[in-house]
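Hello,

Here is the structure I said I would pass on. My notes on what was found in it follow below.

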Amino acid sequence: MISSAAVNMDIDRFNRGIIEIQEKLFDAEMQVTRLAIDLLGSCGGRISLNIEIPYLSISTGYRTFIVETFFFDEDLNRLAVAENSGLVAAWDEIDIQSKELIVNETYMLLTSDRIFNRLAEKEDIN
């Protein structure tokens, strides 16, 4: 039996709330994807990583995906991640939290490499 509170809820308010959440998630998805493309562009379209993300596919079910390469697949014109096993996951198959983790890890790796290279240059000068 449905409670009287459920019958009296403001459906329009909930619909607006759901739509607002979906819009913000879409915006976040676009921002993360743009940043991913920019980051990969700054490192030649491919970078080695070592992170684990959740992954769900029809063929393998739910599993942990060990991202070892993040790259732009020029043949299929898409962002993708790969494991050493050869399994490749398209960017669109990955959830937003995992995308953010991949972008953040890529950024941190590129930033730390840049800092290390600048420090190495300073040591070479002295």
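M9, I11 and F14 make a nonpolar surface patch of about 260 Å². Please keep in mind that this is a predicted model. The relative accessible area of M9 is 39%. Buried means under 20% and exposed over 50%, so a residue in between is called partly exposed, and M9 is therefore partly exposed.

Four strands make up an open sheet, in the order 1-2-3-4, and their pairing is antiparallel. Strand 1 (46–57) and strand 4 (88–90) each have a single partner strand and stand at the edges, so one side of each has no neighbour in the sheet. From one strand to the next, the twist averages 40 degrees.

Inside the sheet, strand 2 (residues 61–73) and strand 3 (residues 78–82) run antiparallel and are joined by five bridges. For F72, the bridge partner in strand 3 is L79.

Is T69 buried or exposed? With a relative accessible area of 16%, T69 is buried, because the cut-off for buried is under 20%. Which residues is T69 in contact with, leaving aside its neighbours within four places in sequence? They are R46, I47, L49, A80, V81 and A82.

Regards

Notes. Residues are numbered from 1 along each chain as its sequence is written. This is a predicted model: local features need pLDDT of at least 70, side-chain atom pairs count only at pLDDT 80 or more; totals for chains, interfaces and linings use all residues. Side-chain values use heavy atoms; hydrogens and water are left out. Two strands pair if DSSP finds at least two bridges between them. Helices (H or I, at least four residues) and strands (E, at least two) are DSSP runs, numbered from the N terminus. Axes are lines fitted to C-alpha atoms, for helices over the stretch in contact, and angles run from 0 to 180 degrees between N-to-C directions. Patches are made of residues with over 30% relative accessible area and no salt bridge: like charges are joined within 9 Å, nonpolar side chains (Val, Leu, Ile, Met, Phe, Trp, Tyr) within 5 Å. Accessible areas come from the Shrake-Rupley method with a 1.4 Å probe; for residues, only the protein chains shown count as cover. A salt bridge is a side-chain nitrogen of Lys or Arg within 4 Å of a carboxyl oxygen of Asp or Glu. Buried means under 20% relative accessible area, exposed over 50%, partly exposed in between (1.4 Å probe, protein chains only). Contact means heavy atoms within 4.5 Å.
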